Amino acid sequence: MGSIPIWPQQASNFAPGTDALYLFLVVVSLVMTVLIYTAIIVLASKYRRKPGVHPVQIEGSHVLEITWSVLPMFFFFAFFAWGAWIYFKERTPPQHANEIYVVAKQWMWKIQHPEGVREINELHVPLGANVKLIMTSQDVIHSFFIPAFRIKQDVLPGRYTIMWFRATEPGTYHLFCAEYCGTLHSGMIGSIIVQHPAEYQTWLNGGSSNAPLAQTGEKLFAELGCVSCHRADATGRGPILNGVFGKQVALEDGRTVLADENYIRESILDPGAKVVVGYKPVMPTFQGLITEEQLSALVAYVKTLSPSRPGQPAVAPGTSAPRGKNE
Amino acid sequence: MATAALPQERKNYLNAEHGLRSWLLTTDHKRIAVLYMISITVFFFVGALYALLIRLELLTPAGDLMQADSYNRVFTAHGVVMVFFFLIPVVPAVLGNFLVPIMVGAKDLAFPRINLLSWYLYMIGGLLVIHVVLTGGIDTGWTFYPPFSTQFSNSRVIEAGLAAFIAGFSSIFTGLNFIVTIHRMRAPGLTWTRLPLFIWAQYATSVIMILGTPVVAITLVLVILERALHLGIFDPKLGGDPLLFQHLFWFYSHPAVYIMILPSMGVISELISAFSRKRIFGYKFVALSSIAIAVIGFLVWAHHMFVAGMSVYAALIFSFLTFFVGVPSAIKVFNWTATMYKGSITFETPMLYAFGFLGLFTIGGLTGLFLATLGVDVHVTDTYFVVAHFHYVMVGGVVMGYLGGIHFWWPKITGRMYPEFWGKVAALVGFIGFNLTFFPQFILGYLGMPRRYYQYPPEFQVLNILSTAGATILGVGYLMPLVYLLWSLRYGEVASDNPWNAAGLEWKTTSPPPTFNFDETPVVDFEVYNYEDLKEIPVER
């Protein structure tokens, strides 16, 4: 118990900005509240009923009405613009970030690092590095919430949602599920552990004997037979996947879509939904045949297929950026 | 001129007929209002009992009083009962039913039998919910989010959805009745600009009821279909989209908060006018701001979904529009405050509740701005900050307005005065208890405590203890009116026709009114809130 906390720890690149805006809102609200309360108290005591004093009937005042309709709007625009700016940054992950796959299920968080390390209800991240979380759920809607980072993102079944952050303070922080998800919703909690890069590297090295995520993906790519159609040259029955990630793809029905994580995911589970121009919808669905974790590995693998060396999938262990060093 | 006769002996709507049958088959809007008052009060205390269980569980960080599953059923029962069976109907169905026809100088609502049907639908829905709660409960939260509600929950989702569906029709019928009555049945001379602001507020509410409720009704049917027949609508495993549900649900359920608050705002206009003895400052602006809230309220629903996985640009637009709904609410608060200027103010219980409303709604409204602001909402959404915010608006606003209105019109409804001293004490106790309960929750929310948690990290305990302590005081503040109002039915001072010397047609008929409200159809040749014509100041009671 002890003293009453009123301010959460600040431990990410988003925390100071969010807190500054929050403080601005608190101050403006406090001023407004004091003004309104004072007006009520002063008017109520000054004009309390006195013998012989009659009320004066007043119709209203257009000047006042317009003033108190328009004046708040300036503040509203300021709140909106500032809030939108923070939100936009939160929703725009940087180009180079450590990409970690998160699978939520009732009632745990399963984390897959690209190096192959897996964690449950714990996420180790290096201090000062950009971290991007690619998240999905196996069952109901969950929400990944780190109060000390001031960020939160719902995690949905059937699609990926993305969030990113840069931890700025070493320590251990709460991870909460913030979207009600059934019986043990309040037990679906964990820790975010922010470590200095060297410490983090040690942890990573001692962590696991699993193959890196993209390598796992490559193995699956071969085992599931994807490789027989998706070749690196133009001889396959399916489109070339090298370099496709992050590009606009022209579709059979005339639309174009951005080949992001969700597009790759959808193309594996529901291949007929968005067929690339010039190809036939011959691919079978893998819905129900692979787990969310395997799907993450496949997506991670496809993302590593570099366009520069056709025929030579660039499967560097881990991601393109060295881990923990891109501050 | 019935000067000598005692009021009890005068024919009025209460003694016109006797026996249970005369109540259950009545088409008199006033009797239906009383039926609603009794049943809604019961549902309120059922919902409050569940609130008490929530607060008791949260006294300690560990989940110790009940099991996780029980807790989930408790907060869902609290939400479903309070939202669908208390907050949405309370002011329209009780005060609106009683007052709308009288205030427009009509004998009854346009469709008296539909009005009775609406009460029966409410009761069927309500009893179904009670049945669900007593026989296994429902654990989805009042928001019924799929795919949890359609595929994963092992509770009585279908019956609970059906109950809300049925109660929805009660709401639609009430809205329909009010709109037609206000359009078609106004007394001669009662132009739109002579209508009390309570009527404007009921009108705006009715528009939302009619346009919004069918959407949530259909949405609940879709949930039932997916759950019962595995039709793929919302669950991605079946080819559905869970965000579609959230859009449909909030398309109604955001405007629904205006269904709750607008009628209470109407009450506050009447109270502040009567106890300041003044026309409401900026009458037309207050009237039109109700309509503005009803219209803009339909354009802001997705502000509940800023972290739900929606597009960034959609979020920007919904955040922007949300700020605009703040403007008409601010206009109301400023005009109510300005009404007191050069007034002749007294501080009877209803006015204390009006002050309470202003104080709490101001905080509730301003904290709404935090949630409209994208960068801040990402952090505080789905935390206790949101819980605190909507309780400030829903409980601080709606209940304060309702209790203020009940005290104000109690002499008209029952023919008896409530005990003034106890009224004032209860208003004060309620205000203090309310703030102690919900203010700490703002801080808890910013610290990051998620809502719907039945166990929590120990650093949140002190604030939770404060909140539970406050809830106890708040409970006393709600039980007191129940006791002394019941007491007053028998022992209260007999009320005169116009104990507040207030303006408005309802004070020109007897207390309680006769079955058809007026012996002769009133002719309105005076402006609304004509306090200049009611110069003489009532004797201090």
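I began with β9(A), which pairs with strand β10 (residues 190-195) of chain A in the antiparallel sense, over five bridges. I picked out one residue along this pairing: A:T172 faces A:I193 of β10(A). This is a predicted model, and I read every entry below with that in mind.

Next I looked up another partner of β9(A). β6(A) also pairs with β9(A), again antiparallel, over two bridges. Here A:F144 has A:C177 of β9(A) as its bridge partner.

I then asked how many of the residues of β9(A) are buried. Five of the seven are, and I noted the strand as mostly covered.

**Contact between the chains**

I turned to where chain A touches chain B. Chain A puts 71 residues into the contact, and chain B puts in 79. On the chain A side, I listed the elements that give two or more residues: α1 (15-46), α2 (62-90), β6 (142-146), β7 (151-155) and β9 (171-177).

**One residue in chain B**

I moved to B:A16. I located B:A16 in the segment before α1 (20-24) of chain B. Is B:A16 buried or partly exposed? I put B:A16 down as partly exposed, because 16 C-beta neighbours lie inside 10 Å, and a buried residue would need 20 or more.

I checked the contacts of B:A16 too, leaving aside neighbours within four places in sequence. The contacts are with B:K11 and B:T515. I noted the second one with interest: B:A16 and B:T515 lie 499 residues apart in sequence, yet their C-alpha atoms are 7.1 Å apart in space.

**Confidence**

The mean pLDDT of chain A is 88, and 92% of the residues score at least 70. Among the elements of chain A, β6(A) has the highest mean, 98. Helix α5 (residues 226-229) has the lowest, 87.

I marked one stretch for caution. Residues 309-327 of chain A have a pLDDT below 50. Beyond near neighbours in sequence, that stretch still has 41 contacts in the model.

Conventions: Residues are numbered from 1 along each chain as its sequence is written. Chains are lettered from A and ligands numbered from 1 in the order in which they are written. This is a predicted model: local features need pLDDT of at least 70, side-chain atom pairs count only at pLDDT 80 or more; totals for chains, interfaces and linings use all residues. Two residues are in contact if their C-beta atoms, placed from the backbone, lie within 7 Å. Helices (H or I, at least four residues) and strands (E, at least two) are DSSP runs, numbered from the N terminus. A residue is buried if 20 or more other C-beta atoms lie within 10 Å of its own, exposed if 12 or fewer, and partly exposed in between; C-beta atoms are placed from the backbone. Two strands pair if DSSP finds at least two bridges between them. pLDDT is the predictor's confidence in each residue, from 0 to 100.
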